[in-house]
Amino acid sequence: MSKRTMGFTVSLALSVLAVGLSGAALLFATGMLDTERPVSADFASQARSYLLENPEVLVESFRLLEERQLAAETNELQAVIAERRDEIFNDPAAPVVGNPQGAVTLVEFFDYNCPYCRNATPILADAAEANDELRIVYKEFPILGPGSEFAARAALASQRQGKYEPFHEAMMAYSGSIDESSTLEIAAQVGLDIEQLKQDMQDPPIEEAIGRNLALAQALRITGTPTFIVGDEIIRGLVDAATIERIIANARMPGEG
């Protein structure tokens, strides 16, 4: 037997053993094998034989394990939402559009350079128009570079001139890259005082608000945009109008329209 053939044989044997051991571990993890039952010395070999004869058991084990992991993650994130509810839904620094007193709050983590966030903008606008009890909270989440960071600070600063909503909509409607130049260009177009805006952007509370959003996103395992939160549900990625309507309806309290 050549060294090459011998090496392949050893690797194959180790792979088979690994499959047996990992398969057995998976069966234990999903509760398909009794952890209290005595195990023989050649258990790995028996487990391998069993799995080769019944491959559907391994498939089912992976499915059960995935379901349990997903359920555990969902429970963990719902606990984080409950613990940090005020920070998520009621941060006074976070811009609010729609009905400020609305019974249903939809939170969006977004970036001005995210094309999917731009596509979501008209969907959210239509939802707000169709649901007079909808309150939309925007979380500036600048993760796509320095241009996004500058835009996020400018957007938060625009609140002090009462122009966040038109500025936000104009930024989202812009077809090019959002950077310092385009941000200031758009700010001028919507009637913002540019010198006042630049001054307000330097205030520590602006940077602190963005920092809170970044920390909150980390706690909620939010790594991309857009991400939405309604009630205790996290929806990751762009969704269509029907999905937005569904999650709004699910979040309504009993007795609401």
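Helix axes here are lines fitted to C-alpha atoms over the stretch in contact, and the angle between two N-to-C directions runs from 0 to 180 degrees. The model is a predicted one.

On that basis, the axes of helix H6 (residues 146–158) and helix H7 (residues 164–173) come within 8 Å and cross at roughly 150°. Angles over 145 degrees count as roughly antiparallel, so H6 is roughly antiparallel to H7. The crossing of H6 and H7 is right-handed.

Helix H5 (residues 115–130) and helix H11 (residues 241–251) form another pair, with axes that come within 10 Å and cross at roughly 45°. H5 and H11 are therefore oblique to each other. Their crossing is right-handed. H5 contributes Ile123, Leu124, Ala127 and Ala130 to the contact, while H11 contributes Ala241, Ile244, Glu245 and Ile248.

| Helix pair | Axes come within | Crossing angle | Handedness |
|---|---|---|---|
| H6 and H7 | 8 Å | roughly 150° | right-handed |
| H5 and H11 | 10 Å | roughly 45° | right-handed |

How many cavities of 30 Å³ or more does a search of the whole structure find? The search finds one. The largest cavity has a volume of about 40 Å³. Its lining consists of Asp91, Ala93, Ala94, Pro95, Tyr138, Lys139, Glu140, Leu156, Ala209 and Asn213. Strand S3 (134–140) and helix H10 (204–219) are the elements that give two or more residues to this lining. S3 gives the most, with three residues. By class, the lining of the largest cavity has six nonpolar, three charged and one polar residues.

The backbone features come last. Most residues other than glycine have a negative phi, and most peptide bonds are trans. Arg221, which is not a glycine, has a positive phi of about 60°. Arg221 is found in the loop between H10 and S4. The peptide bond from Thr225 to Pro226 is cis, with omega near -5°. Pro226 is likewise found in the loop between H10 and strand S4 (227–230).

Technical notes: Residues are numbered from 1 along each chain as its sequence is written. This is a predicted model: local features need pLDDT of at least 70, side-chain atom pairs count only at pLDDT 80 or more; totals for chains, interfaces and linings use all residues. Side-chain values use heavy atoms; hydrogens and water are left out. Helices (H or I, at least four residues) and strands (E, at least two) are DSSP runs, numbered from the N terminus. Angles under 35 degrees count as roughly parallel, over 145 as roughly antiparallel, 65 to 115 as roughly perpendicular and the rest as oblique. A crossing is left-handed if the near helix is turned anticlockwise from the far one by less than a right angle, and right-handed if clockwise. Contact means heavy atoms within 4.5 Å. On a 1 Å grid over the protein atoms alone, a cavity is a set of points where a 1.4 Å probe fits but cannot get out, and a pocket is an open set with protein on both sides within 12 Å along at least five of seven lines; lining residues have an atom within 4 Å of a point. Grid points are joined across faces, edges and corners, and a volume is the space filled by probe spheres set on the points. Ala, Val, Leu, Ile, Met, Phe, Trp, Tyr, Cys and Pro count as nonpolar, Asp, Glu, Lys and Arg as charged, and the others, Gly among them, as polar.
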